[in-house]
Amino acid sequence: MLKLFRDRDGCEIKLIRASTLALYWYCASKAYQQATGTESPPTEATKIGTRIHNAISVARPLTNAERELESVLKSYMIKVDAGKGSTGLSDTENMVYMRPITRNGKIVGNVVSHGVDDFRIQEDGVVLTEYKTTNTKQIDYYKISTALFQVKVYAWILEPFLKTAGYNIKKCEIIYLKRNGEFIQQFDIYNLPVNQFNILTGCMRQAGFSEEHYNNSLALLRNNTFTLENVESDIERILQQFNDPSKLIAPAKFKCYICKGVFKEQCPLQRNSKN
Ligand code: SF4
C-alpha cells in the first residue's frame with residue numbers, strides 16, 4: 001500500500017519535517033524516533049541558537065527584488081495540523097513550506113520546513129543561507145553531514161516556489177558562528193543538474209583518477225553539490241528504513257555514549273543490542 005511511513009503503532013505518518021530527515025545523517029534511530037512523535041525539550045543551547053538565528057535573519061536589509069520575492073515566497077506558506085503521531089509541527093500557528101512526496105504518481109505524504117534563514121538574489125540565481133551556531137571553536141565533523149542534507153532538503157522544498165517566481169537556485173551556504181556571533185566557517189553547496197554531475201564524474205574517470213582519489217573526490221563533490229533528483233532519492237531511502245525500522249543503520253558507537261534522555265531510553269537499536 002502506498003504510504004509515507006508508519007509509526008510504531010502502525011499509524012500512518014503523513015508529514016515529516018526536513019530537519020528530522022536530516023537528523024538521519026547523525027543517527028537513523030534518533031531520526032526515526034523523532035519522526036514517530038518523540039520530541040526532546042529545547043535546551044539552553046538550542047534557545048541561544050534560536051535567538052542568534054532570529055537576530056541575524058532580520059539584520060540584513062533586503063533589496064527591492066528580494067522584498068518582492070520574500071512576499072511571493074511567504075504567500076506559499078501554509079498552516080499544518082500535524083495530527084496524531086506525526087512529527088509535523090504541533091503548533092497550528094506555525095507556517096511552513098510543504099512539498100509532496102510521490103510514488104507511482106500518487107502523493108503519499110509531505111515534507112515541511114520553515115525555510116532558510118536568509119537568501120540573496122544574484123545575477124545567476126538565488127543563494128540560500130542557513131546559519132548554525134556552536135559553542136565549540138571548530139565544527140564537529142560528524143555534525144556536518146546533517147547540516148548539509150538539511151539545506152539540500154530546504155532547497156528541494158523551496159525550488160518549485162522559486163521557479164514560479166522566475167528564479168533558479170544557484171547555491172546554498174551554511175555559515176557556522178560561535179554563540180557570540182563570531183564567524184567560524186562557511187560551506188557552499190552548488191546546485192548542479194544531474195547531467196552536469198555525470199559529466200564531471202565521467203571527466204574524473206577519463207582523467208585517470210585512481211580508485212581511491214576518484215571515490216574521495218566523488219564524496220567531496222556529492223557534499224558540495226546537489227541535484228534535486230538526488231535529494232529525492234535520498235529522502236526515499238530514509239523513508240524506506242522508517243517503514244521497516246529493523247533496517248535502521250546504527251550510528252558510530254561514541255554517539256550512543258553521548259546520547260541522553262528520551263531518545264536513548266526508547267531507542268529500538270539499544271533494545272535490539274541488549275537482546
Ligand atoms: S542510543 Fe545511539 S542509536 Fe539510540 S538514539 Fe541514541 S545515538 Fe541513536
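How many nonpolar, polar and charged residues does the shell around the ligand have?

1. The shell has eight nonpolar, two polar and three charged residues; Ala, Val, Leu, Ile, Met, Phe, Trp, Tyr, Cys and Pro count as nonpolar, Asp, Glu, Lys and Arg as charged, and the others, Gly among them, as polar. The model is predicted: local features need pLDDT of at least 70 and side-chain atom pairs count only at pLDDT 80 or more, while totals for chains, interfaces and linings use all residues. Residues are numbered from 1 along each chain as its sequence is written.

2. The ligand is surrounded by 13 residues, the closest being Cys27, Ser29, Cys256, Cys259 and Cys267 (C-beta atom, placed from the backbone, within 6 Å of the molecule). Two or more shell residues come from each of helix 2 (28–35), helix 9 (253–258), helix 10 (261–265) and helix 11 (268–274). Helices (H or I, at least four residues) and strands (E, at least two) are DSSP runs, numbered from the N terminus.

3. Five strands form an open sheet in the order 7-8-9-10-11, with mixed pairing (at least two DSSP bridges between two strands). Strand 7 (118–122) and strand 11 (225–226) each have a single partner strand, so one side of each lacks a neighbour in the sheet. Strand 7 runs antiparallel to strand 8 (residues 125–134), joined by five bridges; Asp118 has Thr129 as its bridge partner.

4. In helix 8, Val231, Ile235, Ile238, Leu239 and Phe242 are buried (20 or more other C-beta atoms within 10 Å of the residue's own; exposed means 12 or fewer, partly exposed in between; C-beta atoms are placed from the backbone). Glu229, Ser233, Glu236, Arg237 and Gln240 are exposed on the other side of helix 8.
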